[in-house]
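Notebook open. Entries follow in the order I looked things up.

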Amino acid sequence: MTVTASPAASSRTSVDMSAPNRDLSAREIALDVRNLVKGFRKKSGGSLVRPQYTDSRAVDDVSFHVRRGEIYGVLGPNGSGKSTLIRAMSTLLIPDEGTVSIFGLDVVRDEAQVRRLLNRVSVDAAFYKKLSPRENLLYSAQLYGLDRHVAEQRALVTLRRLGLKDKAFQEPLEEMSRGMQQKVAIARAFLTSPIVVLLDEPTTGLDPRSRRDVQEFVLELRDVHDATIILTTHDMPEAERLCDRIAFISGGKFVAEGTAEELRTLVGPGKTLEDAFIELTGEELAEEEQA
Ligand SMILES: Nc1ncnc2c1ncn2[C@@H]1O[C@H](COP(=O)(O)OP(=O)(O)OP(=O)(O)O)[C@@H](O)[C@H]1O
Ligand SMILES: [Mg+2]
(Lines give C-alpha, C1' and ligand atoms only; values in the text may rest on other atoms or scores of the structure.)
(Ligands and ions follow the chains in the order given, each with its own letter.)
Protein backbone atom coordinates (compact mmCIF):
# COMPACT_ATOMS: atom_id res chain seq x y z
CA MET A 1 0.00 0.00 0.00
CA THR A 2 1.37 3.37 -0.94
CA VAL A 3 0.64 6.43 1.07
CA THR A 4 1.42 9.81 -0.29
CA ALA A 5 1.51 12.87 1.84
CA SER A 6 2.90 16.32 1.90
CA PRO A 7 2.03 19.37 3.93
CA ALA A 8 2.76 21.38 0.81
CA ALA A 9 0.09 20.59 -1.73
CA SER A 10 2.49 20.99 -4.60
CA SER A 11 5.01 18.28 -3.73
CA ARG A 12 3.84 14.79 -2.86
CA THR A 13 6.16 12.20 -1.40
CA SER A 14 5.60 8.45 -1.18
CA VAL A 15 5.82 6.24 1.88
CA ASP A 16 5.19 2.50 1.87
CA MET A 17 2.91 1.41 4.66
CA SER A 18 1.48 -1.90 5.85
CA ALA A 19 -1.67 -3.43 4.36
CA PRO A 20 -5.10 -1.97 5.17
CA ASN A 21 -7.81 -3.92 6.99
CA ARG A 22 -9.12 -5.50 3.79
CA ASP A 23 -6.59 -6.55 1.22
CA LEU A 24 -7.93 -5.41 -2.13
CA SER A 25 -4.60 -5.32 -3.95
CA ALA A 26 -5.42 -8.30 -6.16
CA ARG A 27 -8.75 -6.83 -7.26
CA GLU A 28 -9.15 -5.31 -10.71
CA ILE A 29 -9.03 -1.54 -11.03
CA ALA A 30 -12.56 -0.17 -11.24
CA LEU A 31 -11.75 3.49 -11.57
CA ASP A 32 -8.56 5.05 -12.82
CA VAL A 33 -8.06 8.80 -12.70
CA ARG A 34 -4.91 10.22 -14.26
CA ASN A 35 -3.70 13.80 -14.07
CA LEU A 36 -7.25 15.14 -14.03
CA VAL A 37 -7.60 18.90 -14.38
CA LYS A 38 -10.88 20.84 -14.42
CA GLY A 39 -10.90 24.60 -14.26
CA PHE A 40 -13.50 27.32 -14.27
CA ARG A 41 -13.37 30.84 -15.61
CA LYS A 42 -14.59 33.35 -13.05
CA LYS A 43 -15.28 37.05 -13.33
CA SER A 44 -12.63 38.73 -11.25
CA GLY A 45 -13.28 42.41 -11.83
CA GLY A 46 -13.10 44.93 -14.62
CA SER A 47 -16.14 46.81 -15.82
CA LEU A 48 -19.48 45.78 -17.30
CA VAL A 49 -18.11 46.53 -20.75
CA ARG A 50 -14.68 45.03 -20.16
CA PRO A 51 -15.05 42.29 -17.59
CA GLN A 52 -11.89 40.54 -16.45
CA TYR A 53 -11.75 36.83 -15.94
CA THR A 54 -9.36 34.55 -14.16
CA ASP A 55 -9.08 30.84 -14.64
CA SER A 56 -8.85 28.71 -11.54
CA ARG A 57 -8.42 24.99 -11.24
CA ALA A 58 -11.12 23.35 -9.14
CA VAL A 59 -9.41 19.99 -9.69
CA ASP A 60 -5.68 20.32 -10.19
CA ASP A 61 -3.72 17.35 -11.51
CA VAL A 62 -5.40 14.61 -9.50
CA SER A 63 -4.41 10.95 -9.99
CA PHE A 64 -5.69 7.92 -8.09
CA HIS A 65 -7.29 4.55 -8.63
CA VAL A 66 -10.00 2.60 -6.86
CA ARG A 67 -10.25 -1.17 -6.89
CA ARG A 68 -13.39 -3.21 -7.38
CA GLY A 69 -15.34 -3.45 -4.13
CA GLU A 70 -13.43 -0.63 -2.49
CA ILE A 71 -14.98 2.32 -0.68
CA TYR A 72 -12.76 5.30 -1.39
CA GLY A 73 -13.33 8.52 0.52
CA VAL A 74 -12.46 12.04 -0.59
CA LEU A 75 -12.26 14.39 2.36
CA GLY A 76 -11.93 18.12 1.99
CA PRO A 77 -13.27 21.47 3.15
CA ASN A 78 -15.84 23.56 1.26
CA GLY A 79 -14.64 24.57 -2.18
CA SER A 80 -11.76 22.09 -2.27
CA GLY A 81 -13.00 20.45 -5.50
CA LYS A 82 -14.84 17.34 -4.27
CA SER A 83 -18.03 17.84 -6.27
CA THR A 84 -16.13 18.90 -9.37
CA LEU A 85 -14.10 15.71 -9.14
CA ILE A 86 -17.25 13.60 -8.76
CA ARG A 87 -18.92 15.36 -11.67
CA ALA A 88 -15.89 14.87 -13.91
CA MET A 89 -15.89 11.18 -13.02
CA SER A 90 -19.60 10.82 -13.77
CA THR A 91 -19.52 12.25 -17.34
CA LEU A 92 -21.27 15.48 -16.26
CA LEU A 93 -18.17 17.61 -16.80
CA ILE A 94 -15.56 17.14 -19.48
CA PRO A 95 -12.03 17.20 -18.07
CA ASP A 96 -9.72 19.93 -19.36
CA GLU A 97 -6.77 17.59 -19.08
CA GLY A 98 -6.18 14.02 -18.01
CA THR A 99 -8.34 10.92 -18.19
CA VAL A 100 -10.90 9.02 -16.14
CA SER A 101 -11.63 5.42 -16.95
CA ILE A 102 -14.18 3.07 -15.44
CA PHE A 103 -13.34 -0.60 -15.93
CA GLY A 104 -11.19 0.42 -18.89
CA LEU A 105 -13.85 2.62 -20.50
CA ASP A 106 -13.05 6.28 -21.00
CA VAL A 107 -15.67 8.62 -19.50
CA VAL A 108 -15.49 10.97 -22.48
CA ARG A 109 -14.99 8.59 -25.39
CA ASP A 110 -17.23 5.80 -24.08
CA GLU A 111 -19.75 8.00 -22.29
CA ALA A 112 -22.86 5.96 -23.10
CA GLN A 113 -21.33 2.71 -21.85
CA VAL A 114 -19.93 4.39 -18.75
CA ARG A 115 -23.35 5.78 -17.88
CA ARG A 116 -24.72 2.26 -17.74
CA LEU A 117 -22.09 1.29 -15.17
CA LEU A 118 -22.25 4.17 -12.75
CA ASN A 119 -24.62 6.46 -10.98
CA ARG A 120 -24.20 9.49 -8.76
CA VAL A 121 -26.00 10.88 -5.74
CA SER A 122 -25.41 14.53 -4.93
CA VAL A 123 -26.53 16.78 -2.10
CA ASP A 124 -28.50 18.87 -4.55
CA ALA A 125 -30.44 16.09 -6.29
CA ALA A 126 -33.09 17.43 -8.67
CA PHE A 127 -36.64 16.15 -8.38
CA TYR A 128 -40.13 17.11 -9.40
CA LYS A 129 -41.02 18.39 -5.95
CA LYS A 130 -44.79 18.32 -6.42
CA LEU A 131 -44.61 14.64 -7.27
CA SER A 132 -44.17 11.76 -4.84
CA PRO A 133 -41.06 9.58 -4.57
CA ARG A 134 -43.00 6.88 -6.40
CA GLU A 135 -43.83 9.18 -9.32
CA ASN A 136 -40.30 10.59 -9.47
CA LEU A 137 -38.71 7.16 -9.38
CA LEU A 138 -41.08 5.72 -11.99
CA TYR A 139 -40.30 8.68 -14.23
CA SER A 140 -36.56 8.03 -13.84
CA ALA A 141 -37.12 4.31 -14.43
CA GLN A 142 -38.81 5.17 -17.70
CA LEU A 143 -35.83 7.34 -18.74
CA TYR A 144 -33.51 4.48 -17.86
CA GLY A 145 -35.68 2.10 -19.91
CA LEU A 146 -36.52 -0.08 -16.92
CA ASP A 147 -39.63 -2.16 -16.37
CA ARG A 148 -42.05 -0.16 -14.17
CA HIS A 149 -42.93 -3.02 -11.89
CA VAL A 150 -39.33 -4.12 -11.36
CA ALA A 151 -38.27 -0.51 -10.74
CA GLU A 152 -41.07 0.10 -8.26
CA GLN A 153 -40.25 -3.03 -6.30
CA ARG A 154 -36.55 -2.24 -6.28
CA ALA A 155 -37.18 1.34 -5.15
CA LEU A 156 -39.51 0.19 -2.40
CA VAL A 157 -36.97 -2.32 -1.10
CA THR A 158 -34.24 0.34 -1.07
CA LEU A 159 -36.42 2.98 0.60
CA ARG A 160 -37.55 0.54 3.29
CA ARG A 161 -33.97 -0.49 3.76
CA LEU A 162 -33.08 3.18 4.26
CA GLY A 163 -35.78 3.49 6.91
CA LEU A 164 -38.37 5.43 4.87
CA LYS A 165 -41.98 4.64 5.78
CA ASP A 166 -44.14 3.18 2.99
CA LYS A 167 -46.61 6.04 3.49
CA ALA A 168 -43.96 8.55 2.41
CA PHE A 169 -43.67 6.82 -0.95
CA GLN A 170 -46.90 8.53 -2.03
CA GLU A 171 -46.39 12.01 -0.51
CA PRO A 172 -45.16 15.02 -2.49
CA LEU A 173 -41.41 15.41 -2.17
CA GLU A 174 -41.75 19.08 -1.23
CA GLU A 175 -43.39 17.96 2.02
CA MET A 176 -40.48 15.72 2.93
CA SER A 177 -37.42 16.58 5.02
CA ARG A 178 -34.04 16.90 3.32
CA GLY A 179 -32.98 13.61 4.86
CA MET A 180 -35.97 11.83 3.39
CA GLN A 181 -35.33 13.40 -0.01
CA GLN A 182 -31.74 12.26 0.21
CA LYS A 183 -32.93 8.70 0.72
CA VAL A 184 -35.12 9.00 -2.37
CA ALA A 185 -32.08 10.26 -4.30
CA ILE A 186 -30.13 7.19 -3.20
CA ALA A 187 -32.99 4.88 -4.20
CA ARG A 188 -33.10 6.58 -7.59
CA ALA A 189 -29.38 6.13 -8.17
CA PHE A 190 -29.70 2.50 -7.23
CA LEU A 191 -32.53 1.81 -9.72
CA THR A 192 -29.97 1.01 -12.41
CA SER A 193 -27.94 -1.35 -10.16
CA PRO A 194 -24.75 0.63 -10.79
CA ILE A 195 -21.49 -1.17 -10.17
CA VAL A 196 -19.74 2.13 -9.50
CA VAL A 197 -21.55 4.51 -7.17
CA LEU A 198 -20.43 8.11 -6.71
CA LEU A 199 -21.80 9.57 -3.50
CA ASP A 200 -21.27 13.30 -3.05
CA GLU A 201 -21.82 14.01 0.65
CA PRO A 202 -24.55 11.41 1.05
CA THR A 203 -25.05 12.09 4.76
CA THR A 204 -24.50 15.84 5.11
CA GLY A 205 -27.37 17.37 7.05
CA LEU A 206 -28.94 14.06 8.04
CA ASP A 207 -29.97 13.28 11.61
CA PRO A 208 -27.91 10.61 13.38
CA ARG A 209 -30.42 7.84 12.70
CA SER A 210 -30.73 8.64 8.99
CA ARG A 211 -26.99 9.02 8.75
CA ARG A 212 -26.56 5.53 10.15
CA ASP A 213 -29.21 4.13 7.80
CA VAL A 214 -27.36 5.60 4.82
CA GLN A 215 -23.94 4.49 6.08
CA GLU A 216 -25.16 0.95 6.57
CA PHE A 217 -26.68 0.97 3.11
CA VAL A 218 -23.33 2.07 1.68
CA LEU A 219 -21.58 -0.86 3.37
CA GLU A 220 -24.30 -3.17 2.08
CA LEU A 221 -23.84 -1.83 -1.46
CA ARG A 222 -20.25 -2.92 -1.26
CA ASP A 223 -20.67 -6.19 0.62
CA VAL A 224 -23.86 -7.53 -0.97
CA HIS A 225 -23.85 -5.90 -4.39
CA ASP A 226 -20.08 -5.82 -4.92
CA ALA A 227 -20.28 -2.13 -5.81
CA THR A 228 -17.26 0.17 -5.94
CA ILE A 229 -17.97 3.37 -4.10
CA ILE A 230 -16.42 6.82 -4.14
CA LEU A 231 -17.71 8.99 -1.37
CA THR A 232 -17.07 12.60 -0.45
CA THR A 233 -17.60 13.79 3.08
CA HIS A 234 -16.69 16.36 5.73
CA ASP A 235 -17.33 13.83 8.45
CA MET A 236 -14.22 12.19 9.91
CA PRO A 237 -15.98 9.38 11.82
CA GLU A 238 -17.92 8.55 8.66
CA ALA A 239 -14.74 8.36 6.61
CA GLU A 240 -13.10 6.14 9.25
CA ARG A 241 -16.10 3.87 9.48
CA LEU A 242 -16.80 3.42 5.80
CA CYS A 243 -13.69 3.99 3.74
CA ASP A 244 -11.04 1.45 2.86
CA ARG A 245 -8.86 4.33 1.77
CA ILE A 246 -9.15 8.08 2.09
CA ALA A 247 -7.71 10.96 0.10
CA PHE A 248 -7.38 14.46 1.55
CA ILE A 249 -8.15 17.14 -1.02
CA SER A 250 -7.22 20.78 -0.58
CA GLY A 251 -7.28 23.51 -3.21
CA GLY A 252 -8.09 20.94 -5.91
CA LYS A 253 -5.07 18.78 -5.14
CA PHE A 254 -4.78 15.44 -3.41
CA VAL A 255 -2.30 16.01 -0.60
CA ALA A 256 -2.44 12.59 1.07
CA GLU A 257 -3.92 9.16 0.49
CA GLY A 258 -4.09 5.97 2.52
CA THR A 259 -6.13 4.03 5.05
CA ALA A 260 -7.34 6.03 8.04
CA GLU A 261 -4.71 4.32 10.14
CA GLU A 262 -1.95 5.13 7.67
CA LEU A 263 -2.98 8.77 7.54
CA ARG A 264 -3.05 9.02 11.33
CA THR A 265 0.34 7.33 11.56
CA LEU A 266 1.83 9.78 9.06
CA VAL A 267 1.48 12.64 11.53
CA GLY A 268 2.58 10.79 14.64
CA PRO A 269 1.43 8.56 17.47
CA GLY A 270 -1.88 9.23 19.19
CA LYS A 271 -3.13 11.56 16.46
CA THR A 272 -6.70 11.54 15.14
CA LEU A 273 -7.74 11.63 11.51
CA GLU A 274 -8.76 15.25 12.03
CA ASP A 275 -5.26 16.07 13.36
CA ALA A 276 -3.85 14.40 10.26
CA PHE A 277 -6.14 16.39 8.01
CA ILE A 278 -5.24 19.73 9.58
CA GLU A 279 -1.55 18.96 9.58
CA LEU A 280 -1.38 17.62 6.03
CA THR A 281 -3.64 20.15 4.33
CA GLY A 282 -3.04 23.16 6.55
CA GLU A 283 -6.83 23.61 6.64
CA GLU A 284 -9.65 23.03 9.10
CA LEU A 285 -12.68 21.09 8.02
CA ALA A 286 -15.92 23.07 8.31
CA GLU A 287 -18.10 22.02 11.21
CA GLU A 288 -20.56 19.59 9.77
CA GLU A 289 -24.11 20.81 9.84
CA GLN A 290 -26.27 18.71 12.09
CA ALA A 291 -29.95 18.21 11.38
N1 LIG B 1 -19.90 25.63 -12.34
C2 LIG B 1 -18.92 26.33 -11.75
N3 LIG B 1 -18.53 27.51 -12.25
C4 LIG B 1 -17.52 28.22 -11.70
N5 LIG B 1 -16.82 27.80 -10.62
C6 LIG B 1 -17.16 26.62 -10.08
C7 LIG B 1 -18.23 25.81 -10.61
N8 LIG B 1 -18.32 24.68 -9.86
C9 LIG B 1 -17.38 24.78 -8.91
N10 LIG B 1 -16.67 25.93 -9.04
C11 LIG B 1 -15.56 26.36 -8.20
O12 LIG B 1 -14.65 25.28 -8.06
C13 LIG B 1 -14.14 25.18 -6.75
C14 LIG B 1 -14.45 23.80 -6.18
O15 LIG B 1 -15.87 23.67 -6.03
P16 LIG B 1 -16.54 22.28 -5.62
O17 LIG B 1 -18.01 22.50 -5.67
O18 LIG B 1 -15.98 21.21 -6.46
O19 LIG B 1 -16.03 22.12 -4.11
P20 LIG B 1 -16.52 21.12 -2.98
O21 LIG B 1 -15.30 20.55 -2.37
O22 LIG B 1 -17.53 20.18 -3.52
O23 LIG B 1 -17.19 22.10 -1.91
P24 LIG B 1 -18.43 21.82 -0.89
O25 LIG B 1 -17.85 21.11 0.30
O26 LIG B 1 -18.88 23.20 -0.54
O27 LIG B 1 -19.47 21.02 -1.60
C28 LIG B 1 -14.78 26.33 -5.97
O29 LIG B 1 -13.88 27.39 -5.96
C30 LIG B 1 -16.00 26.68 -6.78
O31 LIG B 1 -16.31 28.03 -6.63
MG1 LIG C 1 -19.51 19.76 -3.03
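Predicted model: local features only at pLDDT ≥ 70, side-chain atom pairs only at ≥ 80, totals over all residues.

**Entry 1, R245.** I began with R245, which counts as buried at 6% relative accessibility. Buried means under 20% relative accessible area, exposed means over 50%, and partly exposed lies in between (1.4 Å probe, protein chains only). I placed R245 in strand β11, residues 245-250. Helices (H or I, at least four residues) and strands (E, at least two) are DSSP runs, numbered from the N terminus. One of its polar atoms lies 2.7 Å from the backbone oxygen of H65. I count a polar contact as a pair of N or O atoms within 3.5 Å; within protein, one must be able to donate a hydrogen and the other to accept it, and residues adjacent in sequence count only if both atoms are side-chain atoms.

Residues are numbered from 1 along each chain as its sequence is written, chains are lettered from A and ligands numbered from 1 in the order in which they are written, and side-chain values use heavy atoms, with hydrogens and water left out.

Which residues are closest to ligand 1? I found 13 residues around it, the closest being K42, G79, K82, S83 and T84. A residue is near a molecule if one of its heavy atoms lies within 4 Å of it. Next I checked oxygen atoms of ligand 1. A polar side-chain atom of S83 lies 2.8 Å from one. For G81, a backbone N or O atom lies 3.0 Å from an oxygen atom of the ligand. For E201, a polar side-chain atom is 3.4 Å from a ligand oxygen. Taken alone, ligand 1 exposes 640 Å², and the protein buries 65% of that. Those areas come from the Shrake-Rupley method with a 1.4 Å probe; for residues, only the protein chains shown count as cover. Two or more shell residues come from each of β3 (29-46) and α1 (82-89). The largest share, three residues, is from α1.

I looked up T203 in the loop between β9 (196-200) and α6 (208-225). T203 is buried, with a relative accessible area of 2%. I also checked T203 against K183, 20 residues apart along the chain: their C-alpha atoms are separated by 9.5 Å.

On a 1 Å grid over the protein atoms alone, a pocket is an open set with protein on both sides within 12 Å along at least five of seven lines; a cavity is a set of points where a 1.4 Å probe fits but cannot get out; lining residues have an atom within 4 Å of a point. Of the 22 lining residues, L92, N119, R120, Y144 and R188 are the closest to the pocket centre. Helix α3 (133-144) is among the elements that supply at least two lining residues, and α3 gives the most, with five.

I found one cavity of 30 Å³ or more. The largest cavity has a volume of about 50 Å³. Its lining includes V121, I186, F190, L199 and F217. The elements giving two or more residues to that lining are α5, β9 and α6.

Technical notes:
Points joined across faces, edges and corners; volume = space filled by probe spheres on them.
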